[in-house]
Each structure stands twice: as C-alpha cells, then as structure tokens.
Amino acid sequence: MDYNFEKFKNQAIQLKITLTDEISNKLLIYYKTLIEYNQVMNLTAITEFDEVFEKHFLDSIVLADYIDLNRRIKLIDVGTGAGFPGIPLKIFFPDLNILLVDSLNKRVKFLNEVILRLELKNITAVHGRAEELARKKEYRNQFDLCVSRAVANLSCLSEYCIPFVKKGGIFAAYKSIDIDEEIDNSKNAICMLGGKLKSVNKFQLPDTEYYRSIVMIENVEEHTSKKYPRRAGIPNKQPLK
Ligand code: SAM
C-alpha cells in the first residue's frame with residue numbers, strides 16, 4: 001500500500017514544522033504498530049491513515065505553535081493511552097525527555113514496543129495512576145512541562161497534572177474548542193493546586209475542519225499542597241470546586 005505524506009507535510013509546514021524522511025519513516029512504523037496492536041487491544045477508534053495523521057499526529061504536535069519544544073526539557077504525558085500526544089512529540093522533537101504515564105498496563109506494553117521499534121531514546125513508559133505517581137518523590141514537582149489529552153475534565157485533570165510540574169513549569173491541556181464553561185468551573189481548583197491560568201489558545205488544525213484548544217496553566221508554587229492529588233478515583237468522582 002502507498003502512503004502519501006504530501007498533505008501532512010503541508011499541514012506541518014503551517015505549524016512551522018518540517019516533516020523529514022526520517023520522521024515520516026518513524027510515523028509510518030508507529031502507524032503500522034498501532035493498527036497491528038489495535039486488532040488485539042482497544043487503542044484507537046480511528047484507523048484510516050489520513051485520519052490518524054490528522055486527528056492523532058497533527059493534533060499532538062500543534063503544541064509546538066505555542067511552546068519551544070526544541071529543548072532538553074522534562075515532559076510528562078498523563079493518560080497517554082496509545083501515546084498521544086507524547087510519542088508524536090518525541091518523534092518530532094527528539095531533545096525532549098519524556099515520561100509516558102497510563103493506568104492500563106497493556107497500553108504501557110504497547111508503548112514499550114513502539115519505543116523499541118522506533119529506537120527512541122530518553123523516553124520511558126510507566127504504568128500507574130496519576131494520583132499515586134504524583135506522590136512519589138522522583139515525579140513530584142519535577143517536570144518542566146505536563147501534557148494531557150482526552151483524560152478528564154479540567155478540574156480533575158489539574159489535580160492529576162499540576163503536582164508533577166515544577167515551579168515556573170507549564171501544564172498544557174489539549175481540549176476541544178468549547179472550553180469556556182469548563183475553565184470557569186475549574187478556576188478555583190487551579191488556584192488551590194498552586195496553578196495560574198496563563199492562556200487559552202483556540203485554533204483550527206491546518207487544512208481540516210477540526211477546532212481545538214490548548215489551555216496553559218503555570219505552576220506558581222515550589223511545592224504543591226500535600227493534600228493533592230487526593231486518593232485514586234476521588235479527583236474524578238468529586239472534582240475540586
Ligand atoms: N491521551 C490519549 C489520547 O488522547 O488519545 C488517550 C486518551 S484515553 C481516552 C484516556 C487514557 O487515560 C486511558 O488510556 C486511561 O487508561 C488513562 N487514564 C485515565 N485516568 C487515569 C489516571 N488517573 N492516571 C493515569 N492514566 C489514566
């Protein structure tokens with residue numbers, strides 16, 4: 001089967017990102033591994049080549065329009081699932097040092113296989129819940145950047161994510177375009193967690209009909225309050241108000 005990268009190349013250029021042959025090869029191996037494993041485990045509902053490239057790969061790297069990712073910074077992807085946005089970010093921005101986190105172990109096994117097949121360095125996948133990992137010394141307030149897509153509402157997600165971020169670091173939530181009410185409902189939670197709403201970036205993915213947003217929250221405290229995150233399951237059941 002022939003895979004055409006031209007459209008994706010043009011879409012990436014609009015984000016000022018170059019799609020080299022090496023990157024295209026890696027994306028193709030990732031795509032094929034995703035489709036292969038998707039037969040035996042639930043990884044993605046989207047399987048068609050163009051759609052995976054737009055809705056998963058392009059959507060993952062759009063963050064580069066707002067933050068310089070060509071840096072050796074520590075990034076954590078909370079609830080990465082099949083590796084979004086963490087793996088495409090690593091493929092395009094190899095200087096990033098990435099920790100992928102997911103609470104489903106079979107997805108973590110898939111991620112390890114992808115890391116192996118793509119020969120990616122400085123990227124690790126760990127199995128665990130954000131609420132538990134964020135209490136471990138090696139992860140707590142340690143990351144320059146935390147990203148998360150399609151995991152929970154912004155209040156709950158802030159409780160999962162802000163405790164991983166170091167003072168001055170950013171939590172970037174990948175969200176749909178209709179985000180205003182969710183932001184209003186999580187302002188207090190963000191404040192309790194030591195965060196500060198920095199920007200709400202709404203955009204259309206280049207040459208698509210998909211409208212998305214990225215909400216940026218800065219961690220302004222050295223140490224997140226010991227109260228957070230609460231016990232596993234509580235942030236989702238009883239989001240901070
Ligand atoms: N981020 C990926 C994406 O955008 O395609 C996956 C989204 S999927 C809908 C949500 C993922 O978050 C699942 O893989 C799930 O196992 C994981 N997850 C949910 N709650 C979690 C938690 N508390 N800690 C870690 N992972 C969690």
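Glu51 is partly exposed, with 26% of relative accessible area, where partly exposed lies between buried (under 20% relative accessible area) and exposed (over 50%), for a 1.4 Å probe and protein chains only. The model is predicted, and local features need pLDDT of at least 70, side-chain atom pairs count only at pLDDT 80 or more, and totals for chains, interfaces and linings use all residues. Residues are numbered from 1 along each chain as its sequence is written, and side-chain values use heavy atoms, with hydrogens and water left out.

Glu51 forms a salt bridge with Lys55, with 2.8 Å between the closest N and O atoms; a salt bridge is a side-chain nitrogen of Lys or Arg within 4 Å of a carboxyl oxygen of Asp or Glu. Lys55 is also partly exposed, at 27%. Helices (H or I, at least four residues) and strands (E, at least two) are DSSP runs numbered from the N terminus.

In total, the structure holds 15 salt bridges. In one of them, the side chains of Glu6 and Lys9 meet at 4.0 Å, N to O. These residues are three apart in helix H1 (residues 6-13), about one helical turn. Another salt bridge joins the side chains of Asp180 and Lys202 at 2.9 Å, N to O. Asp180 lies in helix H8 (residues 180-192) and Lys202 in strand E6, so this pair ties together parts that are 22 residues apart in sequence.

Seven strands form an open sheet with mixed pairing, in the order E3-E2-E1-E4-E5-E7-E6; two strands pair if DSSP finds at least two bridges between them. Strand E3 (123-127) and strand E6 (195-204) are the edge strands, each pairing on one side only. E6 runs antiparallel to strand E7 (residues 211-219), and nine bridges join the two. Helix H7 (residues 154-161) packs on the sheet, where it touches strand E1 (74-78), strand E4 (143-149), strand E5 (165-176) and E7; contact means heavy atoms within 4.5 Å.

A search of the whole structure finds zero disulfides, a disulfide being a pair of cysteine sulfur atoms within 2.5 Å. Cys146 is in no disulfide, and the nearest cysteine sulfur, that of Cys161, is 3.5 Å away. Cys146 counts as buried, at 0% relative accessibility. Cys161 likewise counts as buried, at 0% relative accessibility.

Conventions. Axes are lines fitted to C-alpha atoms, for helices over the stretch in contact, and angles run from 0 to 180 degrees between N-to-C directions.
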